[in-house]
Every structure is written in C-alpha cells, then in structure tokens.
Amino acid sequence: MTARSHVLDGRAEALAEETDHDPRYDADGFLIEESYDGDQFEREDRAALRRVAGLSTELEDVTEVEYRQLRLERVVLAGVWGEGTAQDAEHSMQELSALAETAGSTVLAGVLQRRMKPDPGTWMGSGKAAQLRDIVIEEGADTVIADTELTPSQRRGLEDVVKVKVIDRTALILDIFAQHAKSKEGKAQVELAQLQYLLPRLRGWGESMSRQAGGQAAGGQGMGSRGPGETKIELDRRRINTRIAKLRGELKGMKTMRDTKRHSRRAGHVPSVAIAGYTNAGKSSILNRLTGAGVLVQNQLFATLDPTVRRAETEDGRTYTLVDTVGFVRELPHQLVEAFRSTLEEVADADLVLHIVDGSHPDPESQITAVRSVLADVGAHDVKEVVVVNKADIADPEVVDRILRAEKHAFAVSARTGAGFDELAALVARELPRPEIRMELLLPYNRGDLLSRIHEDGEVLSSEHTGEGTHVHAKVTPTLQADLADFAV
C-alpha cells in the first residue's frame, strides 16, 4: 500500500469519527443541511426521452396519397416539458400531431423530454438531440417539429445536430393559416404575421453576404476605407420591413371599411352576437344551425379563417347579427393575434359572446382558459359570455356536467343532431339588449311601414285599432324614436 493510500484512509477514518455524533450528518456521513441542491427532477426523468404512443398518421394504404392536396412531409414531433403533468404534455403533443396532419404531413413518431429549463443552445440538450437524430434516421423523417416557439439560435443548433429541417409550433400554425386564408384581408393578415416571424430569423450565407461595393465616392476617404457595403441579410431586412409597412397600410384601410360597416349596424341599433372558441370546436357548424349560412365545415383545425357575418332573428322577430371569428389554439402566435386584431375586435364590440367548447376533447377546461386569454388580449373580457358545450352527443356526460356546473351561463348542444338549439336560441333572445325608450303613438292607417318597423326593431307592448288610426304603446330605439316623433301622443 502506498503512502498516499494510507493518508487517504486515515483522513476517511478521522472524518467518520468526526461525523458519527454530529447531528448535521446522516448515517452515511453526508451533510444534511447541504444535501438539497435546488429544484431538480429525478435522474431517471432527466435521462429519459420517452416515446409518445398513438401519434403516427402514416398511411397504411399508399393509394390514399392521391387524395391529399399537398406533398406529404414525414415528420417527427418533439416536446420539452417542465411544468404540469405528463398527461398535459401528451395532450399538447396530440394537438401538435393534429396541426401537423392539417398542414399536410405524415407524423411518424413523437418524443417528450422532461427538463427544468430548455437548453439555450439546442433546446433539448446535445445528448437528447443526438438521440432525436437517431430516431429521425430510423423513421426516415425529413422534418422535426418542436412543440414550442424556438429561438433562432435553438433552431439552428438543433438543425446542426439532427441534420434535417426543424420548424417550431409557431411556423406550423402560420403555414396552416397561409393555406386556409381565402379573402384579401385574411391573406394580408397571414403574410404580415409570417414576415414578423421571419424578420428576426434571417440567416446570412457566407458566399452571398455582400451585395454592394463601397468606394471613394461613398466613403469619401479614399483607399483603405472602402467597405463591403450593404450585405444581403441587411438588404433582406430592408425589403421585409418595407413590405410590413405596406401590409400594415393596406390592413389599416381594410379596418376602416370594417369599422364603417360595424358603425352602420350600430347606428341602426342592431345587436351583435359573436361566436368564439377553440379551433375545431364546431363554431361554423353552430353558425350554420342558427342562420343557415352554409359556411365550410370540416373536421380540421383552422378550416375557416375569414370572419363571417350573418343576419338572424329571434322568435319574437328582433334582428341581430351573428359573427363567426377565427379559431384559437394554445400558444396562439402573438404575431397572429396582432395581425388579426381588427378581426378579433368584432368580439370586443359584440353584445354577447357564444364561447364554443369541444365537449369531446380530453381537456376542455384548458381550451376555455386558452380562449379567454386571447379574448382578454383584444379587450373582450368584459363582454357577456355564454359557454356552449358542443358535441354533447359524443362527449362524456360527466365531463359535460362538470363544465355546466363550473360555468355560470352554460348550455350543452350538438350541432350534428340539433339537440339543445331551441334552448340556445331562447337564451340568445333573452340576453340581447332590448329597446328602452317608451313611446305612445297614434299611427295613421296609411303608415303601416312605421308599424312594421316597430315590430322589427322595437317591442310592441300593446296596440289598438281606433277610428283615427292605430294606437300603439311600444319600446323603441333612439333612431326609431326620431322617425316616430311626429306621431307621438
């Protein structure tokens, strides 16, 4: 035995004797007061890269590819979670899988990594990124989709390891919006959101950096002072900023037109009901049920983006408008919220919001929270809200009852079967604002048009036909009051 080993053994024995009777140390000689090392996950959790089952959308019959409109990309989903439960993380991954399929891709696999904070370089950490690369090679994937918004450096670092294209949740949602936007305003809103997302993520390539040459005329200092001039990435930034400014100008003009239409409805005191909710909750189906609008209905996320305004009537003949808005989703990109702000303002200006919830979803409460978060961002949190639990025919009755008990104003309906829509229409009629100005009128028999307007835009309390004309007690709007002033008793 060497002298060094004797010294180490002696120090160990001395340390053991010293800690035997010290309450600060445990039986193994570890310092109890310093054994806590901050909030960390267990070693097994941190070391595991767990596969998520049931995400694959790969087609068993390749002939079905002919019916897909887009070229199918083969993707692997990746998620990192440090808060909430494993079930919450898997629900988020399932939603990401549905988004990827809507965008036209085939989901091959999904993996979840648990860690306290995302790695600033590769998001997952270099070791887990290498494992992800092995899964990508094994599955034959050409794209990795991250279940969050990556920073430019994280995206670049992860791409360098996995050697395939990496996109994040925000880019995926923007791509779906670009596919589904049909109107001029919708296309401009999506393009603006895409450019705002792209601007901080531009990458320069070494062989094409310089696009202009500096010189004596530009610098004014002669030899030795000539620089490379404007680089390609600077030129791209300038072009994008110019395009963003142009799109904002166009959208401002479209907002003026939308505000004018909204003001004309307000001037006529036409009540407005807005339909808002999570994507694929059935908003368009409910609009079709209530008004027969004929709006596109598909079992697909963000199938309709352009807002639809339709006229409807209550059972007692009062006219109101129904506005179908864009669907929401968890972590809706802030670029889209800003770009679609003018559209979402329809909700803020409504008299009543029908908040549509998918009762068959595994976690409908999280959908309610996500929608209310976006509504608060656009100033619609003060509007009277009615929660409408859709798909009650296929939802778990216990889940539906739980939502109905938790929400103050809530109804369960089924847009497919029509169940509950009579009660919903009656509720809308009760909650709509009513005319408040009382008038007593004597209308000549040749002014039946005024009596018709009172029935349509006001509320007739009583009417009696006399020899001089029709004697009417009614509640009317301010606009109608001005037109009826000459016939007031």
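Two strands pair if DSSP finds at least two bridges between them. The structure used in these exercises is a predicted model.

**Exercise 1. Strand β3 and its partners**

Find how many bridges join β2 to β3, and whether the two run parallel or antiparallel. Then find in which sense β1 and β3 pair.

Solution. 
Step 1. β2 and β3 are joined by 9 bridges and run parallel.
Step 2. β1 and β3 pair over 3 bridges, in the antiparallel sense. Here Arg51 stands opposite Val111 of β3.
Step 3. Buried means under 20% relative accessible area. In strand β3 (residues 105-114), 10 of the 10 residues are buried, so the strand is largely enclosed by the rest of the structure.

**Exercise 2. Ala53**

Decide whether Ala53 is buried or exposed, and state where Ala53 is placed.

Solution. 
Step 1. Ala53 lies in the loop between β1 (49-51) and β2 (73-81).
Step 2. Exposed means over 50% relative accessible area. The relative accessible area of Ala53 is 68%, so Ala53 is exposed.
Step 3. Ala53 and Ala109 are 56 residues apart in sequence, and their C-alpha atoms are 7.9 Å apart in space.

**Exercise 3. Helices α4 and α5**

Describe how the axes of α4 and α5 cross, and say which residues make the contact.

Solution. 
Step 1. The axes of helix α4 (residues 126-139) and helix α5 (residues 152-162) come within 8 Å and cross at roughly 50 degrees. Because of this angle, α4 is oblique to α5.
Step 2. The crossing of α4 and α5 is right-handed. From α4, the contact is made by Ala129, Ala130, Leu132 and Arg133; from α5, by Leu158, Val161 and Val162.
Step 3. Sorted by type, the residues of this contact are 6 nonpolar, no polar and 1 charged.
Step 4. The buried residues of α5 are Gln154, Gly157, Leu158, Glu159, Val161 and Val162. These buried residues pack against α4 and β5 (165-168).
Step 5. Lys163 follows α5 and has a positive phi, near 65 degrees.

**Exercise 4. Helix α10**

List the buried residues of α10 and name elements that cover them.

Solution. 
Step 1. In helix α10 (residues 283-291), the buried residues are Lys283, Ser284, Ser285, Ile286, Leu287 and Asn288.
Step 2. The cover over these buried residues includes the strands β6 (272-277), β7 (308-313), β8 (319-324), β9 (352-358) and β10 (385-390), and also helix α15 (421-431).

Methods. Residues numbered from 1 in each chain as written. Predicted model: local features only at pLDDT ≥ 70, side-chain atom pairs only at ≥ 80, totals over all residues. Heavy atoms only, no water. Buried < 20%, exposed > 50% of the residue type's maximum accessible area, 1.4 Å probe, protein only. Helix = DSSP H or I, 4+ residues; strand = E, 2+ residues; numbered from the N terminus. Contact = heavy atoms within 4.5 Å. Axes fitted to C-alpha atoms, helices over the stretch in contact; angles between N-to-C directions. Parallel < 35°, antiparallel > 145°, perpendicular 65-115°, else oblique. Left-handed = near helix turned anticlockwise from the far one by under 90°. Nonpolar A, V, L, I, M, F, W, Y, C, P; charged D, E, K, R; others polar.
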